[in-house]
Amino acid sequence: MKFDTVIMGGGLAGMVAGIALQQAGKNTAIVSMGQNALHFFSGTFESLQAPSERLAELFSAAGIRVHYRKGVRLMPLGTFKEAALSLDDIDLFPTPKFGRRVLIVNFLGYHDFFSSFLAEGLEKQGMECRIRFLSLPELDNAKAHGEMRSVQIARSMDRIWEKVAQEIRLLLKDEDTVILPQVFGLLDDTVPGRLRQAIPARVVFAGTMPPSVPGVRTQMQLRRRYELLGGTFLMGDQAIRAHEHDGVVHSIATHNLDAHYLEARNFILATGGLYSKGLVSNPFKITEPILDLDIDQPQDRNEWYNPTFAGEQPYMGYGVKTDEQLHAIKDGVAMQNVYAIGSILGNTRPELGSGAGLAINSAFAVVDQILRCTQNDNEEPATPVILSEAKNL
Amino acid sequence: MKLQEYTTSAHNFEECMKCTVCTAYCPVLQVNPLYPGPKQAGPDGERLRLKDPYFFNYALKYCLNCKRCEVACPSGVKVADLIQSARIKYDTHPPKLRDQILASTDFMGTLARPFAPIVNAVTDLGITKKVLDFSLDIDHRRTFPKYSGRSFESWLKRRSKEQAAFPEQVAYFHGCYVNYNYPQLGKDLVKVLNALGVGVQLLDKEKCCGIAMIANGMAREAAKHAQHNVEVLGKAVSRGLKVVTTSSTCTLTMRDEYPELLKVDNSAVRDSLLMATRFIYEKLEQGATLKFRADYHKKVAYHTPCHLEKLGWGVFSERLLRMIPGVEFTMLASNCCGMSGTYGFKKENYEASQAIGAPLFEQIKTLNPDVVACDCETCKWQIEMSTGYPVMNPISILAEALE
Ligand SMILES: Cc1cc2nc3c(=O)[nH]c(=O)nc-3n(C[C@H](O)[C@H](O)[C@H](O)COP(=O)(O)OP(=O)(O)OC[C@H]3O[C@@H](n4cnc5c(N)ncnc54)[C@H](O)[C@@H]3O)c2cc1C
Ligand code: SF4
Ligand code: SF4
């Protein structure tokens, strides 16, 4: 199959690049081995302040609602962290003391939400907390087999949020704030807003253990947008090998398509970091498994780690090497049509931000680079053989 | 150090990092309170089972084997294979009579075909359904696949000379469904391939791929079928033929379940076994052409069967359908229909089966297409029964649109 650009990895970086290229009239495919880091997303886009105009446009076309303001946000264990650009699900406060009396509500049998840690943290800020549990027959299903996770609850909440609002109104005494686990708005993203309206107190959603409900929703919205723009999303498939000639990659092989190669003029590597297997390690070395790109790393394995478990771990910052335009570097030479974006860059490009900011900034940078190159080219961009053929059949 | 580098675990279960991503995508976990879900039934449970088989949980039978957990897992854990392997290894209950009957698709076909009109009439009767429900736990709300009077094999055999005349040849693994229930799909495939200058041959006596046996606790019988099929596929492959199929489940079973679950080595034939949609797409890409009717018009909504998603080949069906002038194409959202072969026929699964399929049925009803396209026969039964919309294999739509 022929494309203009093939993107390896369907996380935030790959998806933003795919959407932007489709929007510019390019024909792309995304190959993604499994789900991605958005499933652990806190809802705050690290290292981004206000969204650029093009990001705001991309999000709004995909139905992703964001807001920003420099401030702090509540973390799952009752601490606070500086935050700016965030999904609408997340509240941003000027200071950590955002209320006086707080009602923390959890669901009976749900263990992935840390109400007592939250209470402890808020009390430190001088807020008074009361914890209550709601017992809902609608959640008995999940309780019975002990696998009660955020997403299962969220599926029920899309249907029964009104009942939950009703119960909370009954529980509410003189509290000015209600904290709920972030299990609302999985398929219907209007639910968090409607819940806020239905409860006569400020409603704050606090993070749960993964999967992250707003993250899963964001992932679904991005994918839907990408497919609506005509992109080809190959979910569950793994890029295993690239075929190159004189430093130019002409196709990649994937696990599912075996001998049916994906051909393209440009390739974007967005396979994530160690966590997503964009980088892999053995006891001696960290490598990039598809192209065997260059990675700066100390020879001595002991230097990979910080012995303080909770400290900053050097290995988390390792990433593939790139040139100014984010061309991937192999054996010291920049590959002309292969770009690297997102967390596979590690900390190698601090000027592009970190976390979601790095994913988005690097994706846009590479998209611009690709569009600039095709503009200079006289050649027609590759179109899929079959689609053009069909017209003159 | 060496150990860590070179050791891999069965079905990759040690790669599990407990991220719970799979639990978000399991259709059964959403609807069945008795099912522990992919993480607990798969990698978590495996650690316990390896210590002591006592920890085997019979609730694993609720797994649809839809593989959605595997498609979602970021760590490459073969979650569904772990679950199915555990069932094969630890479930010592002999299968119920009902499960044996449901599993024996080719045997039942052989028996039923000569009496097709009678069998069809009888299985349609309310009273028969009640009896089946009562005596065999086959849900009475199900409609049964019809049996066809003449098998596809006998139809194609009578045309073998004519087919042999084509310059290029393929072999066709038609499966039980095409042979006994719906020969028209096989005929449609022959029409499309012939239009591409390709003649179609039968294999030297294929057997049921065996998936229904795997699902119903008859792995040993399934392995026998697997061995037989690998042998007859091998004969075709050694004559230089590709083998095409029209069922995504048969294909996944023969390519992946044979080695992973049944430990039958299929390496000699695996790469030659293709969905017909992929074969046709590749021919067109190499320059072959198909001529379509100018007056064809159809609003098609395409449902990717779970096993085709796992194979990663839905893209071929999608592209073929989109290429037909006059087809107004919509891709349905990725959802399981809830049928999963023989699963939905069982009385204890009926409610769950319909609940799983509900989002898909709703989307179809909202779109109101002329036809739903799908490469799986059991999805077809489920969607037709639950929505009333006709379901066609993409191959049949191609055939219908040809000049
Ligand atoms: C637990 C966790 C929590 C985080 N929380 C936040 C947060 O709250 N805010 C924030 O700003 N950032 C957060 N991050 C950082 C996060 O990595 C980035 O925000 C961003 O989502 C990374 O996107 P990505 O597309 O670069 O990589 P990923 O999201 O990791 O996506 C990579 C994708 O590539 C696929 N892949 C890998 N190898 C192959 C292959 N060979 N072929 C095909 N596909 C392949 C993977 O399966 C995966 O789907 C978090 C990271 C982690 C690990
Ligand atoms: S099986 Fe895969 S998706 Fe499920 S918890 Fe383990 S690593 Fe995560
Ligand atoms: S195969 Fe399907 S039903 Fe079975 S655990 Fe995986 S997702 Fe659930």
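Guide: Domain bounds here come from an automatic or database domain assignment. Keep in mind that this is a predicted model.

Visitor: Okay, which domains does the assignment give for chain B?

Guide: Chain B gets domain 1, covering 3-90, and domain 2, covering 298-401.

Visitor: And what separates their centres?

Guide: Taken over C-alpha atoms, the centres of domain 1 of chain B and domain 2 of chain B are 27 Å apart. Their contact takes 13 residues from domain 1 of chain B and 14 residues from domain 2 of chain B.

Visitor: How much area do domain 1 and domain 2 of chain B bury between them?

Guide: About 1,100 Å², with 62% of it on carbon and sulfur atoms. On the domain 1 side of chain B, the residues losing the most area to domain 2 are Val31(B), Leu64(B) and Arg68(B), which together make up 47% of what that side buries.

Visitor: Switching to charges: how many salt bridges are there between domain 1 and domain 2 of chain B?

Guide: The count between these two domains of chain B is 2 salt bridges. In chain B, the side chains of Lys310(B) and Glu70(B) meet in a salt bridge, at 3.3 Å from N to O.

Visitor: How many residue pairs are in polar contact between the two domains?

Guide: That count is 4 residue pairs, both residues at pLDDT 80 or more.

Visitor: Which helices supply the domain 1 side?

Guide: Helix 2 (27-31) and helix 4 (68-72) of chain B each supply at least two residues of the side touching domain 2. By class, that side of domain 1 of chain B has 8 nonpolar, 1 polar and 4 charged residues.

How values were computed:
Residues numbered from 1 in each chain as written. Chains lettered and ligands numbered in written order. Predicted model: local features only at pLDDT ≥ 70, side-chain atom pairs only at ≥ 80, totals over all residues. Heavy atoms only, no water. Contact = heavy atoms within 4.5 Å. Buried area = accessible area lost by both parts, 1.4 Å probe. Salt bridge = Lys/Arg side-chain N within 4 Å of Asp/Glu carboxyl O. Polar contact = N/O pair within 3.5 Å; in protein donor to acceptor, adjacent residues only side chain to side chain. Helix = DSSP H or I, 4+ residues; strand = E, 2+ residues; numbered from the N terminus. Nonpolar A, V, L, I, M, F, W, Y, C, P; charged D, E, K, R; others polar.
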